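Thanks for coming. I have one structure to go through today, and I will keep to what can be computed from the atoms. Please have the sequence and the model on your screens.

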Amino acid sequence: MCVGLSTASPASLTWLESKTDAVSAAKSQGKLVLLLAGREDTCGNCQYVLSTVCESLSPPVKQLIQDRYVPWYCDLDTNADWQPYASGLGSFTLPLICC
């Protein structure tokens with residue numbers, strides 16, 4: 001399943017919601033996976049990164065993500081697939097961003 005988390009434009013990034021789908025797509029496309037883990041509905045930082053930073057055309061963050069990464073969004077409250085990537089961090093500020 002995919003989710004377009006930003007409603008900025010029809011060409012907004014599409015974030016995969018499954019680690020399995022993201023890894024599979026990355027392997028088939030020869031790209032890395034970009035994980036953004038957070039709480040879209042209740043985390044202002046998460047929403048800002050998803051809808052503003054990742055959609056930026058200047059600087060061309062959106063183009064960089066499209067060219068080199070398969071975007072994977074993991075909701076902290078409904079999916080535990082993000083947890084290995086936070087191992088050893090102790091506390092951290094959302095969103096968690098990993099490649």
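I will start with the inside. The largest nonpolar core has 18 residues, and L35, A37 and W82 have the most contacts within it. By a nonpolar core I mean a set of buried Ala, Val, Leu, Ile, Met, Phe, Trp, Tyr and Cys residues joined through side-chain atoms within 4.5 Å. Buried means under 20% relative accessible area, exposed means over 50%, and partly exposed is in between, with a 1.4 Å probe and protein chains only. At least two residues of this core come from each of α1 (19-29), β3 (32-38), β4 and β5. A second, separate core has 10 residues, including L13, L34, L50 and Y69. As background, nonpolar side chains in soluble globular proteins tend to be buried together.

Now the ground rules. This is a predicted model, in which local features need pLDDT of at least 70 and side-chain atom pairs count only at pLDDT 80 or more, while totals for chains, interfaces and linings use all residues. Residues are numbered from 1 along each chain as its sequence is written, and side-chain values use heavy atoms, with hydrogens and water left out.

Next, the layout. The chain comes to 4 helices and 5 strands, and from the N terminus the order is β-β-α-β-α-α-β-α-β. Helices (H or I, at least four residues) and strands (E, at least two) are DSSP runs, numbered from the N terminus. Of the 99 residues in the chain, 38% are buried. Contact here means heavy atoms within 4.5 Å. Among contacts between residues at least 6 apart in sequence, 66% join residues at least 24 apart.

Which strands does β3 pair with? With β4 it pairs in the parallel sense, over 7 bridges, and with β5 in the antiparallel sense, over 3 bridges. Two strands count as paired if DSSP finds at least two bridges between them. On the β4 side, G38 has D75 as its bridge partner; on the β5 side, A37 stands opposite L96. Strand β3 is mostly covered, with 6 of its 7 residues buried.

L35 is worth a look on its own. Leaving aside residues up to four places away in sequence, L35 touches W72, C74, W82, Y85, L96, I97 and C98.

Helix α1 contains A26, a buried residue at 5% relative accessible area. A26 touches K31, L32, V33 and V70, again not counting residues up to four places away in sequence. A26 and Y69 are 43 residues apart in sequence, yet 7.2 Å apart in space, C-alpha to C-alpha.

On to the aromatics. A pair of aromatic rings is described by the distance of the centres and the angle of the planes. Rings of Phe, Tyr and Trp (its six-membered ring) pair if their centres lie within 6.5 Å; planes under 30 degrees apart are stacked, over 60 edge-to-face, and the rest tilted. By this rule there are 2 aromatic pairs. In one of them, the ring centres of W72 and Y85 are 6.1 Å apart with the planes at 80°, so the pair is edge-to-face. W72 is in strand β4 (residues 69-75) and Y85 in helix α4 (residues 83-86), so the pair links parts of the chain 13 residues apart. W72 is buried at 1% relative accessibility, whereas Y85 is partly exposed at 33%. W82 and F92 also form an edge-to-face pair, at 6.1 Å centre to centre and 70° between the planes. W82 lies in the loop between β4 and α4, and F92 in the loop between α4 and β5 (96-98), so this pair ties together parts 10 residues apart in sequence. W82 is buried at 13%, and F92 is partly exposed at 31%.

One polar item. E55 is in the loop between α2 (44-53) and α3 (61-68), and at 9% relative accessibility E55 counts as buried. Its side chain makes a polar contact with the side chain of K62, at 3.4 Å. A polar contact is a pair of N or O atoms within 3.5 Å; within protein, one must be able to donate a hydrogen and the other to accept it, and residues adjacent in sequence count only if both atoms are side-chain atoms.

Last, the cysteines. C98 is buried at 16% relative accessible area, whereas C99 is exposed at 66%.
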